[in-house]
Every structure is written in structure tokens, then in C-alpha cells.
Amino acid sequence: MKKAILLTSALSAFVLIGAANAQVAGSGTMGVTATVQGSILLTFVTDPSGLAVTGTTTSAASLPFGSVQMFGGTVPANVTKTVNGLLSFDLTTPFDVRVDLANSASATYILTAVLATADPVNVWTLAASNLSASGTPTNMNATGAYATPTSYALKLHIPATAAAGLITNSIGFTATAN
Amino acid sequence: MPSRHILPSVIQTVLAGFPLLVFLGGSTAFGQTAAVPRSISLLTAAPAITILSAPAGVPVRTFAAGNAALDLGAVSYFKGASAPGESSRKNSGSFVISTRFALRVDCPAGSASSLVDVIMTRVDADASHAIAIDGTTLGSAPQIFLQSMPCGSAGEHRLDVEVPVSTPAGAIGSTVAFVATLRK
């Protein structure tokens, strides 16, 4: 009986010591989820031998040719003027398009272009393809390489019969991952 | 004769059981029964962690027992974050989605301390993204999150999820575990 009491006491002491040293801790968890989407970015870049692009390295840029005339006058830097006899003249300059990709295994992209507003007077040509404002966008590149600026030459054909004044338009570009 | 044998046998049984009855009765009478639940309550009355939405963060779905879920929704490198309460920034080879959440710790009445230490651990090992809280990148090893946080208080924290551009499109997910311990 004495031995039994001693044993009981020893066990009790052990339990109390255990309680005194226990780390009283509470826990919680936070699950964090997201859905990563593949994305693509198209930017315009000034070509080394082209007219300076306003808004270079952005997705909304412009090419300001300034004041030009068929005969005489000055031609902006890095713009080529070609006079076609007495009928018309062309203004040509290169600019670059860069397409970047993230979170996708695509190796190449398709680039298309379309004129925002139909122009019944002048002709807008990009990389030797006439742009239109209706129908299927013009295919500029079927296998574009990512992260590399690619040069495209824009040519604006202006007839001699066109009235003097402002010529403005927009070209919409679409890059689609292959 | 047979009756003599029967009687001692009954007495022995009663006597043999007596010490046990006394012991059980005595344990109640001397308060030992009360002492056992007291030690159990010490072990089970732990700080309670609650994860909540921050005013400027994405909504946090809070479940019972300290569990919560935070969904950043659709995110992408070039478009960034789409949900209110998120911001994003681009690095050269990755993008980071940031938001805020709140963490509250309540301690049981009569706690030995009014302060807690909180550690955090990332439970998963998904290499498709990294998670940081208040600028500390989480890993599988427990890291100190908060020290000497007053019981009953809540704090707002920043969560950053960094996704490399090489991560394939799709769902990503991680679990962050928090453990709050009463300071001695």
C-alpha cells in the first residue's frame, strides 16, 4: 500500500511538471490562391534608322511626320520622300514592334494590323501590304519572335490631287500567341 | 464448517475493495479531482488566431478555428492584378501581387501571459511562386512573425505573392500556418 501511494505521488508530480512547462499555443492557417493568366504585351519602339516614335516603348505611340510637301520643303530626319512624277509622293519610315510574353509556352506570335478609319484619298502601306479599315486585318508576321524589336516600314502614299491639310489615322496592331 | 469459509471470503472481498473505495472517495474529498481538470484546461486554453480582411485588402473568407482563405483572383504579368484591394509590380523576370490582411490573437481568460509570439510557416513547397509577409519570404522552416503581440490586439500585414514569368498559366495556391504561443 505504501509503495502504491509513492507511485501515485510520483506520477502526479510528473503531470504537474509537464503542465508547467507546456507551451500554450494556438494555430491558424491562411490559404492563398490566385489564377495566373498568360499575357502578352505589344510596344512600339523607335527604329535606329526611323522617325522618332512619340511614346516609344509604350503600347500607344505616334509617328509625327510634321509638315511635308510634294515639291521642295524639308523632309524630317529618317523619313524618305519619293516623288512619283507629277502624280503623287510617298513618305516612308521604319518603326519597330516588340512583343513580349509571360506565363505561356508560346514560341512565336502572329501580328496583324488594321487601319482605324478608312482613307479614300491616301494609301497606307505597312511592310508592302496595303492596310484597310474593313475586312480581315492584314497579316504582318505569322511567326514573330518574342522580346525582339522587329522593323516595319510604314509608307504613306499621297496623291498630288489631295487637298492640303492634316492627314491623321491610327493603325491597330494585334499580336496573338501561336 | 462451510459457513465459516463463506463468511471470511465475503469479508476479504469487502476489505480488499475498501482501500480502492477510500482512494476514489478521498480523491474527490481532497480536491484531487478538481486538480486534474485544471491542468487539462491549461493545456487546451490556447490563444485563438483569427485572420480577417484589412480595409485596403482583398476580402478574406474567415472560417472557424483560425482558418481563412484569401483569393487574389486572376493575375498576369502585363495586366497585373484585377481585383480591388490588390496592387502589382513588375520585375524583370517576375511580377508581384500585393494585398493586406489582418491577424488577431485572443487569449483565454486567466492566461499566464498577456503577450504572445507568433511564428509563420509555409506549408506547401510549390516552387511556382514565392510568398512573403511583411517582407519576409516564407519557407518550410518556422519564422518569427510577431513578438510580444498583446492579447486581444489585431495588426494589419502585407502579403506579397511573386510569380515568375516562367510559371505556366493556371491556378496557384499555398497555405501559410501561424502559431501563437503565450510568452512565459
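In chain B, 67% of the contacts with a separation of 6 or more are between residues 24 or more positions apart, where a contact means that two C-beta atoms, placed from the backbone, lie within 7 Å. In chain A, 68% of the contacts between residues at least 6 apart in sequence join residues at least 24 apart. This is a predicted model, in which local features need pLDDT of at least 70 and side-chain atom pairs count only at pLDDT 80 or more, while totals for chains, interfaces and linings use all residues. Residues are numbered from 1 along each chain as its sequence is written, and chains are lettered from A and ligands numbered from 1 in the order in which they are written.

**The two chains**

- Chain B holds two helices and 12 strands; helices (H or I, at least four residues) and strands (E, at least two) are DSSP runs, numbered from the N terminus.
- Starting at the N terminus, the order of elements in chain B is α-α-β-β-β-β-β-β-β-β-β-β-β-β.
- Chain A has one helix and 10 strands, arranged along the sequence as α-β-β-β-β-β-β-β-β-β-β.
- Of the 184 residues in chain B, 26% are buried. A residue is buried if 20 or more other C-beta atoms lie within 10 Å of its own, exposed if 12 or fewer, and partly exposed in between, with C-beta atoms placed from the backbone.
- In chain A, buried residues account for 21% of the 178 residues.

**Where the chains meet**

- On the chain B side, 45 residues are in contact with 28 residues of chain A.
- Two or more residues each come from α2 (32-44), β1 (48-53), β3 (67-76), β11 (153-164) and β12 (170-182) of chain B.
- Strand β12(B) gives the largest share of this side, with 13 residues.
- Sorted by class, the side of chain B that touches chain A has 32 nonpolar, 11 polar and two charged residues. Here Ala, Val, Leu, Ile, Met, Phe, Trp, Tyr, Cys and Pro count as nonpolar, Asp, Glu, Lys and Arg as charged, and the others, Gly among them, as polar.
- Strand β1 (residues 25-37) of chain A pairs with β3(B) in the parallel sense over eight bridges; two strands pair if DSSP finds at least two bridges between them.
- Within this pairing, A:V36 has B:V75 in β3(B) as its bridge partner.

**Strand pairing inside chain A**

- Three strands of chain A form an open sheet in the order β8-β5-β10, with antiparallel pairing.
- Strands β8 and β10 (171-177) of chain A are its edges, each pairing on one side only.
- From one strand to the next, the twist averages 20°, taken from axes that are lines fitted to C-alpha atoms (for helices over the stretch in contact), with angles running from 0 to 180 degrees between N-to-C directions.
- Five bridges join β5(A) and β8(A) in the antiparallel sense, and A:T108 has A:A145 in β8(A) as its bridge partner.
- Strand β9(A) pairs with β4(A) in the antiparallel sense over 10 bridges, with A:T93 opposite A:L154 in β9(A).
- Strand β6 (residues 123-126) of chain A also pairs with β9(A), in the antiparallel sense over four bridges; A:W124 has A:L156 as its bridge partner there.

**Loop residues worth a look**

- A:N103 sits in the loop between β4 (88-102) and β5 (108-115) of chain A, and its phi is near 55°, a positive value in a residue other than glycine.
- A:N103 counts as buried because it has 23 C-beta neighbours inside 10 Å.
- A:A147 belongs to the loop between β8 (138-145) and β9 (150-159) of chain A, and its phi, near 60°, is likewise a positive value in a residue other than glycine.
- A:A147 has 8 C-beta neighbours inside 10 Å, so this residue counts as exposed.
- A:N78 lies in the loop between β2 (39-45) and β3 (80-84) of chain A and counts as partly exposed because it has 16 C-beta neighbours inside 10 Å.
- The C-alpha atoms of A:N78 and A:S49 are separated by 5.8 Å, although these residues are 29 residues apart along the chain.
- Not counting residues up to four places away in sequence, A:N78 touches A:S49, A:G50, A:L51 and A:T93.

**The nonpolar core**

- The largest nonpolar core has 62 residues, of which B:V118, B:V161 and B:F178 touch the most other members. Such a core is a set of buried Ala, Val, Leu, Ile, Met, Phe, Trp, Tyr and Cys residues joined through C-beta atoms within 7 Å.
- Leaving aside neighbours within four places in sequence, the contacts of B:V118 include B:V105, B:F145, B:L146 and B:F178.
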